[in-house]
Amino acid sequence: MRSLIDTVDFSIEELDDLIRVACDIADHPEKYAHACDGKILATLFFEPSTRTRLSFEAAMLSLGGNVISVSSAGASSAAKGESVADTAKTVSCYADIMAMRHPLEGAALVAAHAASIPVINAGDGGHCHPTQTLADLYTIYREKGRLNNLTVGFCGDLKYGRTVHSLINALSRYTGIKVVLISPEELRLPEYMFAEVLDKKGMTYEETTDLVAAMPELDILYMTRVQRERFADQEQYQRLKDSYILTLDKLDTAKADLAILHPLPRVNEISVAIDNDPRACYFKQVLGGKLMRMALILKLLEDAKNDYQSFRVVDGLIHKDTKTCRNGRCICQVEQEIEHLFVQTDAENDVWRCYWCETQAE
Ligand code: ASP
């Protein structure tokens with residue numbers, strides 16, 4: 001069964017196709033109003049969300065389908081200790097497709113292995129958030145008319161921001177992308193993103209702490225919230241939370257056609273005075289998210305009909321006593337039944353990663 005756990009599960013051509021369908025939906029919504037008549041989407045959100053859950057539900061309703069929903073861990077059998085795999089098997093009996101958000105990294109992948117319907121990862125801990133990336137790619141494409149030859153600045157919490165990790169990963173497959181990483185030292189992009197994406201794919205990038213100095217060269221500025229819920233040390237959060245606040249004066253040297261994106265929710269990172277500036281694209285991005293989720297639901301239901309085989313290659317995984325995942329937020333650390341599986345991602349340096357959360361194994 002085909003699922004979407006990370007954007008790399010789709011080829012560039014498939015992503016282009018999703019954008020094409022989303023553009024068509026934007027122009028001719030009536031053509032799609034009954035495309036999912038009789039189908040049911042289950043949204044399972046074990047972590048807070050406003051946009052993503054409503055966006056999935058609005059997407060399915062706009063396609064003529066129906067929605068069933070769990071909107072908090074406390075309101076589900078997860079509170080009684082049910083495993084993610086059992087929840088996924090149960091929901092497969094009620095729905096045709098499911099979208100899951102979970103605080104544990106790798107949870108959606110576990111669900112995808114257990115389910116007999118397509119699973120969409122709506123965010124798994126700090127790991128990834130592919131449907132936000134679909135919204136981001138759509139917005140960039142609509143604003144710039146292309147997804148290559150762009151200088152993209154990422155500003156704020158690059159350490160815990162899962163949307164940043166997913167978007168950099170997706171952009172690494174396009175040509176002529178330069179990434180400018182703007183963050184305080186404590187919130188730098190994780191090392192594995194350099195080793196496994198930026199350096200491995202030979203991307204051009206630079207790091208700075210100075211947003212204003214970076215501004216003039218940017219085509220896209222991707223602002224992010226400091227992810228309070230991922231900090232073990234709340235004093236550190238208080239110290240870093242206002243590291244970057246985008247105000248109108250900081251845009252003085254920006255390009256006239258800069259596109260400012262933000263996955264939202266905004267806490268304090270962008271002054272509301274910028275909302276009326278034509279360069280502010282973050283609310284258009286919200287609409288793009290719904291359109292891309294519509295295109296995605298259509299695609300996965302179509303692939304399910306065609307009996308698309310396993311979406312990830314399981315060969316080459318090993319269960320080795322000598323390797324350990326030390327990520328306390330990984331589902332394999334919390335749920336006893338999950339097999340500890342590791343994949344070798346760099347043979348030269350003998351780097352192994354946990355199959356579920358992709359953290360480097362020890
Ligand atoms: N809504 C995005 C997410 O779920 C961004 C954020 O929460 O800051 O990751």
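**Start at a loop**

Select Asp 350, which counts as exposed because it has 7 C-beta neighbours inside 10 Å. Here a residue is buried if 20 or more other C-beta atoms lie within 10 Å of its own, exposed if 12 or fewer, and partly exposed in between, with C-beta atoms placed from the backbone. Asp 350 sits in the loop between strand 10 (342–346) and strand 11 (351–354). Its phi is near 50°, a positive value in a residue other than glycine.

Two notes before moving on. The numbering of residues runs from 1 along each chain as its sequence is written. The model is predicted: local features need pLDDT of at least 70 and side-chain atom pairs count only at pLDDT 80 or more, while totals for chains, interfaces and linings use all residues. Helices (H or I, at least four residues) and strands (E, at least two) are DSSP runs, numbered from the N terminus.

**Other loop stops**

Go to Asn 149, in the loop between helix 5 and strand 5. Asn 149 is not a glycine, yet its phi is positive, about 50°. Asn 149 is exposed, with 12 other C-beta atoms within 10 Å.

Next, select Leu 264 and Pro 265 together. The peptide bond joining Leu 264 and Pro 265 is cis, with omega about 10°. Pro 265 belongs to the loop between strand 9 (259–261) and helix 10. For background, most residues other than glycine have a negative phi, and most peptide bonds are trans.

Asp 277 is also in the loop between strand 9 and helix 10. With 14 C-beta neighbours inside 10 Å, Asp 277 counts as partly exposed. Draw a distance from Asp 277 to Arg 230: their C-alpha atoms are separated by 32 Å, and the two residues are 47 residues apart along the chain.

**The ligand**

Which residues surround the ligand? Select Gly 123, His 129, Gln 132, Arg 162, Thr 163, Arg 225, Pro 263 and Leu 264.

**Helix 6**

Arg 162 and Thr 163 from the ligand shell are also among the buried residues of helix 6. Select residues 162–171: 10 of the 10 residues of helix 6 are buried. What covers them includes strand 4 (119–124), helix 5, strand 5 (150–155), strand 6 (177–182), helix 7 (191–198) and strand 8 (220–223).

**Helix 1**

Now select residues 12–27, which form helix 1. At 1.5 Å a residue, its 16 residues should span 22 Å, and the end C-alpha atoms are 23 Å apart, which agrees. The expected span is 1.5 Å times one less than the number of residues.

Which residues of helix 1 are buried? They are Leu 15, Leu 18, Ile 19, Ala 22 and Ile 25. These residues cover an arc of only 120° around the axis, so they lie on the same side of helix 1. The arc is that of the directions from the helix axis to the C-beta atoms. On the other side of helix 1, Glu 13, Arg 20 and Asp 27 are exposed. Helix 5 (130–144) and helix 10 are included in what covers the buried residues of helix 1.

Move to Ala 295, in helix 10. Ala 295 is buried, with 24 other C-beta atoms within 10 Å. Leaving out residues up to four places away in sequence, Ala 295 touches Leu 18, Val 21, Ala 22 and Ile 25. Contact means that two C-beta atoms, placed from the backbone, lie within 7 Å.

The largest nonpolar core has 99 residues, and Met 98, Ala 111 and Ile 297 have the most contacts inside it. Helix 10 (residues 282–305) gives the most to this core, with 8 residues. A nonpolar core is a set of buried Ala, Val, Leu, Ile, Met, Phe, Trp, Tyr and Cys residues joined through C-beta atoms within 7 Å.

End at Met 98. Neighbours within four places in sequence aside, Met 98 is in contact with Ala 42, Leu 44, Val 91, Ala 115, Ile 117, Val 119 and Ile 120.

Definitions and conventions: A residue is near a molecule or strand if its C-beta atom, placed from the backbone, lies within 6 Å of it.
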